[in-house]
Structures are given as structure tokens and as C-alpha cells.
Amino acid sequence: MRSRTPDRLCAEAVELARQAAVEAVGAEVVGGHRGVQADADRVVTHTFACLDAAYRGWHWAVTVARAPRAKNVTLDEVVLLPGPDAVLAPEWVPWSERLRPGDMGPGDLLPTDADDVRLEPGWTGEDEPAPNSAIALVDDEDLVVTDPHVQPAPARARIDAVAEELGLGRSRVLSRIGLHLAAERWEKAHGPQTPMAQAAPASCASCGFLVPIGGSLGQAFGVCGNEFGPADGQIVSFAYGCGGHSEAAVIPAPPAPSELILDELVVEPMQLHPDRTSGSVEPDAPAEELGHS
């Protein structure tokens with residue numbers, strides 16, 4: 001292997017390299033000459049300090065070269081390169097790994113990978129006959145039904161129609177890993193280890209506001225239906241709880257009032273003069289006011 005000793009003429013072209021850097025970026029940001037490095041035969045890179053405050057620790061790299069048996073040194077390129085103490089941007093992370101819950105807004109689309117571990121193939125929606133059936137052994141074009149009494153199956157009796165009614169017409173569904181990841185998120189947000197659940201008088205498993213959900217996750221989670229609770233409309237663990245539990249503080253019903261013995265709301269008329277037709281007073285006797293004589 002040939003030695004990487006810098007070419008003499010290229011190494012001596014310091015002023016040519018400096019002038020190239022000054023013309024490219026300006027004299028105010030080009031500092032002193034730091035060194036020279038051989039990149040190949042008759043190819044040398046000169047480095048100059050970068051005086052730009054925004055690029056501390058960086059340097060200007062000016063590469064020069066000359067042709068074989070030529071005495072004229074020519075310019076290749078001028079670039080800004082980071083040094084060992086340079087301030088660099090953080091390592092690039094794909095957007096799919098930077099995305100966090102709550103980052104999506106109206107109109108945003110979140111595509112999923114074809115091999116997403118959270119999903120697995122669901123029911124495809126195709127009516128596939130048995131491998132050993134007569135329909136599978138011949139093409140549809142070759143199959144001719146000659147019996148007039150044999151009628152084709154109605155659309156409602158087809159497997160895809162029944163599956164659509166049952167909600168199975170999805171190409172991919174949650175895998176076991178996807179189910180566990182969802183359960184971990186829900187358990188962390190509204191689970192038994194949260195401060196709210198630790199201070200709750202009872203768990204959601206016995207709360208009347210808990211709305212059950214289907215699927216395997218319905219064995220441990222539900223939806224809170226208490227509009228005054230901290231998790232209204234959100235998935236909660238059966239072990240979660242809050243002060244809005246339906247049986248935490250039940251207000252007793254007011255007692256039924258007893259039957260009235262004395263009705264004080266009815267006005268009874270009372271005569272101020274004696275009734276002469278009752279027989280206790282003479283009809284012709286003079287009328288007197290009631291009271292003491």
C-alpha cells in the first residue's frame with residue numbers, strides 16, 4: 001500500500017484553500033489553519049477553524065488536488081464538518097417511533113405497517129370451499145348444475161353475509177400482543193395503582209355506572225358512564241375506582257308522611273247566633289249575643 005503522506009504541492013497550497021473558503025462563506029467566519037490530511041494520491045484536505053458562533057466545534061474542510069505530473073493545484077470542494085466537540089442534532093428517529101398518543105389532529109392519517117405485531121389477519125371475507133369438495137376440484141366455468149330443483153344459495157345464507165352481520169368482515173384484528181399492549185395502557189391510565197383508585201371506597205366491578213364491553217378485554221375492562229366521574233366515557237379497569245361509585249354514599253329516601261289526624265287547612269264555619277230551629281231556644285225569644293250574661 002502507498003503511504004498517505006500528503007502531496008507536497010497540495011500541502012503547500014494553504015492560501016489557495018483559504019481563499020476558496022473565504023469566497024464561499026466570508027472572511028469573518030474562517031479562522032486559522034488547523035492542519036492538512038492526505039485523502040488519496042495528490043488529494044489533500046486543509047482544515048480551518050470555524051468562527052461562526054452557531055457552529056462551535058465545527059471546521060471548514062477544503063479539498064485540493066492536482067493531476068499526475070501537473071504542477072497546478074486545483075480546488076475540489078469546500079464543506080463544513082463537525083469536530084469531536086461539535087454540537088450535533090439528535091439522532092434522527094422515524095416518525096412512527098416519535099408519534100405519541102394525542103399527537104393526531106383532525107384530518108391526520110396514521111398508516112400501519114403490513115407486519116404490525118399489534119395486528120393479525122382476520123376473516124378475509126371470501127367463501128372458500130372445502131379442499132376435497134367437488135366445487136374445489138373444478139373451475140367455476142366448468143361447473144354446470146343440471147338439476148332444476150337445485151337452487152343457488154341466497155345471499156343471506158352465504159358465509160360472508162353472515163360474517164358481516166356479526167362484525168367479522170375485517171381484514172386484520174388485534175393480535176395477542178396488541179391486546180396486551182392495550183390492556184397495559186388502560187391499566188396504567190385507570191387501574192388499581194392510580195391515586196384515585198387507592199382512595200376510592202369501592203372498585204368499578206361493583207359500580208352501577210360501569211358499561212360492559214365485548215371481547216376478551218371485557219373480562220377486565222369496561223366504560224365509565226358516570227358524567228361526574230373523572231373517567232367518564234373512558235375505558236377503566238374493574239379494579240379502578242373513584243368517589244363517584246354508585247354505592248359509595250346512597251342518599252336515603254325521604255320517609256312517607258303519616259295520615260293527617262287534624263286537618264288544619266280546612267275552614268269550618270261557626271254560627272255567631274243560636275239556631276232557633278234546633279229546639280233548644282224558644283222561637284219567639286229575643287235574640288242575644290253568645291257569651292256571658
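**Close-up views of pockets, cores and a cavity**

**View 1. Helices at the largest pocket of the predicted model.** Helix 3 (95-98) and helix 6 (176-189) each contribute at least two residues to the lining of the largest pocket. Helix 3 gives the most, with three residues.

**View 2. Size and lining of the largest pocket.** The volume of the largest pocket is about 460 Å³. Its lining consists of 17 residues, and those nearest the centre are Ser96, Leu99, Leu110, Asp116 and Arg118. Sorted by class, the lining of this pocket has eight nonpolar, six charged and three polar residues.

**View 3. The largest nonpolar core.** Eleven residues form this core: Ala17, Ala20, Ala21, Val29, Val30, Phe48, Cys50, Trp58, Trp60, Val62 and Ala86. Helix 2 (14-25), strand 2 (43-50) and strand 3 (58-65) are the elements that supply two or more residues to the core. Apart from this core lies another, of seven residues, including Ala197, Ala231, Val236 and Tyr240. In soluble globular proteins, nonpolar side chains tend to be buried together.

**View 4. Contacts of Val62.** Leaving out residues up to four places away in sequence, Val62 touches Ala17, Ala20, Ala21, Val44, Thr45, His46, Phe48, Leu75, Glu77 and Val78. Val62, Ala17, Ala20, Ala21 and Phe48 are among the residues of the largest nonpolar core.

**View 5. The largest cavity.** The structure holds one cavity of 30 Å³ or more. The volume of the largest cavity is about 100 Å³. Of the 14 residues that line the largest cavity, Cys204, Cys207, Phe209, Cys224 and Cys242 lie nearest its centre. The lining of the largest cavity has nine nonpolar and five polar residues, and no charged residues.

Methods
Residues are numbered from 1 along each chain as its sequence is written. This is a predicted model: local features need pLDDT of at least 70, side-chain atom pairs count only at pLDDT 80 or more; totals for chains, interfaces and linings use all residues. Side-chain values use heavy atoms; hydrogens and water are left out. On a 1 Å grid over the protein atoms alone, a cavity is a set of points where a 1.4 Å probe fits but cannot get out, and a pocket is an open set with protein on both sides within 12 Å along at least five of seven lines; lining residues have an atom within 4 Å of a point. Grid points are joined across faces, edges and corners, and a volume is the space filled by probe spheres set on the points. Helices (H or I, at least four residues) and strands (E, at least two) are DSSP runs, numbered from the N terminus. Ala, Val, Leu, Ile, Met, Phe, Trp, Tyr, Cys and Pro count as nonpolar, Asp, Glu, Lys and Arg as charged, and the others, Gly among them, as polar. A nonpolar core is a set of buried Ala, Val, Leu, Ile, Met, Phe, Trp, Tyr and Cys residues joined through side-chain atoms within 4.5 Å. Buried means under 20% relative accessible area, exposed over 50%, partly exposed in between (1.4 Å probe, protein chains only). Contact means heavy atoms within 4.5 Å.
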